[in-house]
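Here's a quick tour of the model, one region at a time. Have a look at the sequence and the fold, then read on.

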Amino acid sequence: MTHHELNFDGLIGPTHNYAGLSFGNLASARNKGAASNPRAAALQGLAKMRAVKLLGLHQGLLPPQDRPHMKTLRALGFSGTDRQIIEKASAHPEILANCYAASSMWTANAGTVAPSPDAADGKVHFTPANLATNFHRAIEGDTTARVLKHIFGSERHFVHHPLLPGGVHFGDEGAANHGRLAKDHGDRGVHLFVYGIDGDKFPARQKLRASEAVARSHLLDPSKTVFVQQSKAALDAGAFHNDVVGVANGTALFLHERSFEDRDRALAAIRKAAPFVEIVEAPASQVSLEDAIATYLFNSQLLSLPGGEMALVLPKESEENARVKAFVDETLSKNNPINRAIYMDVRESMRNGGGPACLRLRVILSDEELTATNANFLLDDEKFDALEAWAGKHYRDRLIPDDLRDPKFMEEALAAIDALTRLLGMGAFYDFQR
Ligand code: SUG
């Protein structure tokens with residue numbers, strides 16, 4: 001049986017803006033209030049999806065969520081027609097900005113997935129993330145759960161768990177703190193769960209007890225799960241998710257020397273569970289944590305290509321930093337599994353702290369499971385063209401926080417999502433359509 005890695009990228013929504021909502025995410029704080037370009041953002045995301053597809057991988061997408069989220073605004077006591085709700089909420093710019101965030105684009109945070117070879121019942125398991133730490137992200141979970149069930153509908157192949165209860169006690173940020181190592185995608189894999197403990201400056205979003213709950217639900221073999229603490233130094237330097245300082249794929253673990261709190265113990269535990277692992281590590285003397293976080297070097301996609309090579313899809317920012325670029329070049333020239341680097345421009349997302357790896361949810365599927373997946377969310381040239389035309393028609397090329405107060409923009413944004421549901425054959429899917 002052949003297994004494939006599918007990347008489900010988040011299609012970037014029409015309300016993409018810089019509201020400075022994520023404490024501990026340096027890019028989000030730095031760009032607060034700046035003008036965004038939602039159209040360019042969507043096109044950059046689609047160009048990355050096209051590039052990955054051209055490498056020979058299947059490429060999927062998760063649709064953007066409906067924003068502004070009128071259901072949340074109503075739950076917060078704003079009443080009347082949709083226009084009246086926006087007018088009233090305008091007096092509370094912070095609430096409005098949270099309900100407008102296009103943050104569902106970062107689908108590495110949509111949930112955690114276990115492929116069927118790893119689960120005791122032989123099915124693919126999904127747990128949507130509760131994203132409890134930040135209000136704008138905590139309102140994603142219910143719709144994410146609906147999206148995942150819609151795309152992976154077959155009960156024969158797919159198991160959907162509810163979001164973890166208990167708020168930040170079980171704070172769960174999905175696959176952004178999770179990696180899988182396996183000799184081959186279809187082999188029984190080793191799951192690496194990285195959790196945080198609050199730093200001196202910034203809160204940890206992923207809790208150990210949450211990772212443990214997900215591993216239990218997904219029926220993983222305890223001898224093939226490793227739980228490792230992220231370093232507080234990385235957290236306080238701005239690595240609010242572990243995927244900012246490391247990425248795993250196949251036999252390779254590509255990471256910064258200061259990713260883990262107790263490096264030696266962590267690497268020993270990983271080697272014990274996955275003796276085949278090849279660790280490619282950036283020494284702090286060559287790439288500082290600050291450089292790694294500013295360039296998102298490790299927030300790259302690490303992809304096994306059909307020909308047997310492994311490629312890194314990196315953000316342009318990594319190419320522009322001489323020390324980081326030198327480290328990438330050296331990595332490619334050395335004897336390790338990584339042998340190609342492709343630099344992509346995802347700057348609109350990067351300015352909110354989201355690199356190439358944040359923008360995708362990895363799902364490993366067998367041929368049969370792939371056939372059971374809703375093909376409307378798998379991309380080909382025709383669909384790429386249609387989505388680019390859709391974004392070209394519905395998206396603005398400039399958005400500032402003040403624009404969110406205009407009820408006309410609410411109508412425009414929801415009209416774009418409404419048109420998308422027709423393009424993707426979703427029916428009346430979103431809260432505002434029900
Ligand atoms: O949750 N940024 C996101 C970025 C998520 C990146 N994902 C991974 N590392 N996997 C976050 O902090 C900023 C939104 C704003 O400030 O407008 C934001 O939500």
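## Helix H2

In H2, the buried residues (under 20% relative accessible area, with exposed meaning over 50% and partly exposed in between; 1.4 Å probe, protein chains only) are Pro38, Ala41, Ala42, Gln44, Gly45, Leu46, Lys48, Met49 and Val52. Before going further: this is a predicted model, where local features need pLDDT of at least 70, side-chain atom pairs count only at pLDDT 80 or more, and totals for chains, interfaces and linings use all residues. Residues are numbered from 1 along each chain as its sequence is written, and side-chain values use heavy atoms, with hydrogens and water left out. Helices (H or I, at least four residues) and strands (E, at least two) are DSSP runs, numbered from the N terminus.

Leaving aside neighbours within four places in sequence, Gln44 is in contact (heavy atoms within 4.5 Å) with Asp345, Val346, Arg347 and Glu348.

Now for the sheets. Strands of a sheet pair through backbone hydrogen bonds, either parallel or antiparallel. Here, two strands count as paired if DSSP finds at least two bridges between them.

(Axes are lines fitted to C-alpha atoms, for helices over the stretch in contact, and angles run from 0 to 180 degrees between N-to-C directions.)

E3 pairs with strand E4 (residues 124-128) in the antiparallel sense, over four bridges. Ala114 sits opposite His125 in E4.

## The E6-E7-E8 sheet

Another open sheet of three strands has the order E6-E7-E8, again with mixed pairing. E6 (178-181) and E8 (225-229) are the edge strands; each has a single partner strand, so one side of each is left without a neighbour in the sheet. The twist averages 20° from one strand to the next.

E6 and strand E7 (residues 190-195) run antiparallel and are joined by four bridges, with Leu181 opposite Val190 in E7. Helix H10 (residues 263-273) packs on this sheet, touching E6, E7 and E8, and its direction makes about 170° with that of E8.

## Salt bridges

How many salt bridges are there? The count comes to 25, taking a salt bridge as a side-chain nitrogen of Lys or Arg within 4 Å of a carboxyl oxygen of Asp or Glu. One of them joins the side chains of Asp66 and Arg67 at 3.9 Å, N to O. Asp66 is buried at 1% relative accessible area, and Arg67 is buried at 3%.

Asp221 and Arg188 meet at 3.0 Å, N to O. Asp221 lies in the loop between helix H8 (208-217) and E8, and Arg188 in the loop between E6 and E7, so the pair ties together parts that are 33 residues apart in sequence. Asp221 is partly exposed at 25%, and so is Arg188 at 45%.

Glu412 forms a salt bridge with Arg396, the closest N and O atoms being 2.8 Å apart. This pair links Glu412 in helix H17 (residues 407-423) with Arg396 in the loop between helix H16 (381-394) and H17, 16 residues apart. Glu412 is partly exposed at 27%, as is Arg396 at 21%. There's also a network of salt bridges linking Arg50, Asp381, Asp385 and Glu388.

## Cysteines

The structure holds zero disulfides, counted as pairs of cysteine sulfur atoms within 2.5 Å. Buried or exposed, where does Cys99 fall? Cys99 is buried, with a relative accessible area of 0%, and Cys358 is buried at 4%.
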